[in-house]
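Here are my notes from a first pass through this one. Have the viewer open while you read.

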Amino acid sequence: MTGVEELLLSRIRDVADYPEPGVMFKDITPLLADPAAFTALTDALAGIAASTGATKIVGLEARGFILGAPVAVRAGLGFIPVRKAGKLPGATLSQTYDLEYGSAEIEVHAEDLSADDRILIVDDVLATGGTAEASIELIRRAGAEVAGLAVLMELGFLGGRARLEPALAGAPLEALLVV
């Protein structure tokens, strides 16, 4: 484990039985509150953006906004939010995806993406991969290329990576921590 990985992991708090009994929630708020850890995280993700040749960062609601915006600034790239349905004004493209019980919908302003764009998707956690998979489809429908997906933490036991690899079609999936 590298020094950066140790620093990041040391600032993630486990919260038992949240949001429901039996779940061990990984709380990143202590990491965000520590300027050294938050800077290390931002730098690591900006390095991934550079290595993928990304031209813009897409952040997934809501913690992907917190991580993706400073990464975009650090990397000198634009930032585009992918939001829950009904949260963006004006014309949007939307993508519906299945949840364990029911479905959800995300949206993006299509005019913020073009065929010249290589998009790095940034989020805090890769769990089952449903939201990330929907965002990949949404970005491609908007005409842009997916350069990769970068997350702070992958919950390996939930199988998100296996679900996303076909959708990523060879684009990298980078997780700074795997738990």
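1. Starting with burial: of the 179 residues in the chain, 40% are buried. Keep in mind that this is a predicted model, and every value here is computed from it.

2. A compact globule of 179 residues would have a radius of gyration near 16 Å, and the chain has 16 Å, so the two agree. Along the principal axes, the C-alpha atoms fill a box of roughly 40 × 40 × 30 Å.

3. For the fold inventory, I get six helices and nine strands in the chain. As for contacts between residues at least 6 apart in sequence, 62% of them join residues at least 24 apart.

4. One helix pair is worth a look. Two packed helices are described by the angle between their axes and the distance between the axes. Helix 5 (residues 130-141) and helix 6 (residues 160-168) have axes that come within 9 Å and cross at roughly 5°. Since angles under 35 degrees count as roughly parallel, helix 5 is therefore roughly parallel to helix 6.

5. Which residues make that contact? From helix 5 come Gly-130, Ala-132, Glu-133, Ile-136 and Arg-140, and they meet Arg-163, Leu-164, Ala-167 and Leu-168 of helix 6. By class, the residues of this contact split into five nonpolar, one polar and three charged.

Notes. Residues numbered from 1 in each chain as written. Predicted model: local features only at pLDDT ≥ 70, side-chain atom pairs only at ≥ 80, totals over all residues. Heavy atoms only, no water. Axes fitted to C-alpha atoms, helices over the stretch in contact; angles between N-to-C directions. Helix = DSSP H or I, 4+ residues; strand = E, 2+ residues; numbered from the N terminus. Parallel < 35°, antiparallel > 145°, perpendicular 65-115°, else oblique. Contact = heavy atoms within 4.5 Å. Nonpolar A, V, L, I, M, F, W, Y, C, P; charged D, E, K, R; others polar. Rg over C-alpha atoms; globule rule 2.2 N^0.38 Å. Buried < 20%, exposed > 50% of the residue type's maximum accessible area, 1.4 Å probe, protein only.
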